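Please look through the model below before reading my comments. They are meant to be checked against it point by point.

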Amino acid sequence: MSFIQYITRNKAVICGLKATDWQDAILSGGKVLLDQQGVTPGYLKTIVDKCKANGPYIVIAPGIAMPHARPEEGARSLCYGIVTLAEPVVFGDPDNDPISLLIFMAAASVREHNEQAVSQIADICDDEDLVASIMNAKSDKEILALLKGAQEKI
């Protein structure tokens, strides 16, 4: 199943999450993965701990973070989620802060992580119009409709 199919079928979206800081954004936004039972609660804590130790490795582009950890750190299955923030938060990446879109992902194997998840998320991020529309969306339903429209174009 593709990234867009997963998100739309599972309604793995939170639009306008109120987060106090980057840690809250990861822990509260990560609910999209927990709800799908794709990760353990420890998976989200691992992401926070790794960011504290290694810096904002999950920030991938201006305004966008991709919270993820290694498969053995609590991923149960391939799963995704999209979270927009009501107010952007600073992750500590001077080139890309503040962050207002989090694209969560988990993969149960390194192959899924590298060959499926990361490449599909990169394809979404390459569509600047889609990303801007998602960031400006006002509801979960609007984000899902945008993704369905993008899927139809593919």
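This is a predicted model: local features need pLDDT of at least 70, side-chain atom pairs count only at pLDDT 80 or more; totals for chains, interfaces and linings use all residues.

1. Start with Thr 84, which is located in strand 4, the run of residues 79-89. Is Thr 84 buried or exposed? Its relative accessible area is 3%, and a residue counts as buried when that value is under 20%. Thr 84 is therefore buried.

2. Which residues touch Thr 84, apart from those within four places in sequence? Its contacts include Ile 14, Cys 15, Gly 16 and Leu 17. Ser 100 and Leu 101 are also among them, as are Ile 134, Met 135 and Ile 143.

3. Strand 4 pairs with strand 5 in the antiparallel sense, over 7 bridges. Within this part of the model, Cys 79 has Ala 106 of strand 5 as its bridge partner.

4. Strand 5 also pairs with strand 3 (residues 64-65), here in the parallel sense and over 2 bridges. Opposite Ala 65 stands Leu 102 of strand 5.

5. Why can strand 5 (residues 99-106) be called largely enclosed by the rest of the structure? The reason is that 8 of its 8 residues are buried.

6. Now turn to helix 6, residues 128-136, where Leu 130, Val 131 and Ile 134 are buried. Viewed down the helix axis, the buried residues of helix 6 fall within an arc of 100 degrees, so they line one face. An α-helix has 3.6 residues a turn, so residues three or four places apart point the same way.

7. The face of helix 6 turned away from the buried side carries Glu 128, Asp 129 and Asn 136, which are exposed.

Technical notes. Residues are numbered from 1 along each chain as its sequence is written. Side-chain values use heavy atoms; hydrogens and water are left out. Helices (H or I, at least four residues) and strands (E, at least two) are DSSP runs, numbered from the N terminus. Buried means under 20% relative accessible area, exposed over 50%, partly exposed in between (1.4 Å probe, protein chains only). Contact means heavy atoms within 4.5 Å. The arc is that of the directions from the helix axis to the C-beta atoms. Two strands pair if DSSP finds at least two bridges between them.
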